[in-house]
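Colleague: Could you take a close look at the open sheet in this model and at what is attached to it? Please set out the criteria behind each term as you go.

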Amino acid sequence: SPMYRAAGRVLVVAGSSDGAAGHVAQLNHAGLLAQVISDPMRLLDSLHESPPELILMDLDLAEASGEDLAHVVRQHESWLALPIVFLDGTAGPERQWEVMAVGHDDLLRKPVEAARLVSLIRSRIARYRALRCSMMRDGFTGLLGFGGFKERLRVEVARNLRTGRPVSLALLEVDQLDRMQATWGRPLADRVIRDLARLLGMRLRSTDVLGRYDMQRFALALPDTPLPAAYGLLERLR
């Protein structure tokens, strides 16, 4: 998957510009894509504008504590699993335990050796990617699950609003699946769903977004496809 080959994206939230610059330089030198925000109050805006795969944040900031900011991040469903690694030069074992107990990933004592920091960040990003992949996929068909499809659709709609290029959305429902299951049993109905998922995947373009909407419906987003063209494609699939 291209997602696994891409460089990891790190958002650095530091108490001083000098400290932030040092971390950004270390991470970029290691092949990671690191960016810094100077105003911690813009953290949520930055997450939406350029979603990272890990936050590296000072525990104590001028405007707020890192713990408070992390708590705000965790209130959003999209960022529940996002790794947050804290840096601190004074925190003792008791505060370190408190930070870990509320669901954050690591607290490192400054100064941190560059090789150790890079290794930890890479391992946390790899775990995050694996978790997101499993959360976004429907285990039964291998397609995007409902949450994963919604995320991809959000990207396509944003592109539509930005460029004006069309995107069409369709729901595909299997007729009489309940009756089929009652007549021939659950294994055959399951096989119909799996075979249909495979067929749709073979017939659609690589840019089309296919997901499982619920038990007997599939969701399909067609980028750069005006409604008449989408209708023609769906008729052929039907």
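Modeller: What follows begins with the sheet and then moves to the salt bridges and a pocket. The model is a predicted one, in which local features need pLDDT of at least 70 and side-chain atom pairs count only at pLDDT 80 or more, while totals for chains, interfaces and linings use all residues. Residues are numbered from 1 along each chain as its sequence is written, and side-chain values use heavy atoms, with hydrogens and water left out.

The protein chain holds ten helices and eight strands, where helices (H or I, at least four residues) and strands (E, at least two) are DSSP runs numbered from the N terminus. Five strands make up the open sheet, in the order β2-β1-β3-β4-β5 and with parallel pairing; two strands are taken to pair if DSSP finds at least two bridges between them. At the edges stand β2 (33–37) and β5 (106–109), each of which pairs on one side only. From one strand to the next the twist averages 25 degrees, with axes being lines fitted to C-alpha atoms, for helices over the stretch in contact, and angles running from 0 to 180 degrees between N-to-C directions.

Within this sheet, β3 (residues 54–58) pairs with β4 (residues 84–88) in the parallel sense over four bridges, and Met 57 is placed opposite Phe 86 in β4. Across β3 and β4 lies helix α4 (residues 66–74), which runs at about 175 degrees to β4; contact here means heavy atoms within 4.5 Å. In the protein chain, among contacts between residues at least 6 apart in sequence, 60% join residues at least 24 apart.

Asp 106 is bridged to Arg 124, with the closest N and O atoms 2.7 Å apart. Because Asp 106 belongs to strand β5 and Arg 124 to helix α6 (residues 114–136), the pair ties together parts that are 18 residues apart in sequence. Asp 106 counts as buried at 11% relative accessibility, and Arg 124 likewise counts as buried, at 18%; buried means under 20% relative accessible area, exposed over 50%, and partly exposed in between (1.4 Å probe, protein chains only). Of the 238 residues of the protein chain, 40% count as buried.

By the salt-bridge rule, the count comes to twelve. Another of them joins the side chains of Glu 156 and Arg 159 (2.7 Å, N to O), which are three residues apart in helix α7 (residues 146–163) and therefore separated by about one helical turn. Glu 156 is buried, with a relative accessible area of 8%, whereas Arg 159 is partly exposed at 33%.

Turning to the second largest pocket, its volume is about 310 Å³. On a 1 Å grid over the protein atoms alone, a pocket is an open set of points where a 1.4 Å probe fits, with protein on both sides within 12 Å along at least five of seven lines, and lining residues have an atom within 4 Å of a point. Grid points are joined across faces, edges and corners, and the volume is the space filled by probe spheres set on the points. The lining includes Leu 171, Val 174, Leu 196 and Tyr 231. At least two lining residues come from each of β6 (167–173), α9 (186–203) and α10 (227–237), and α10 gives the largest share, four residues.

Key. Salt bridge = Lys/Arg side-chain N within 4 Å of Asp/Glu carboxyl O.
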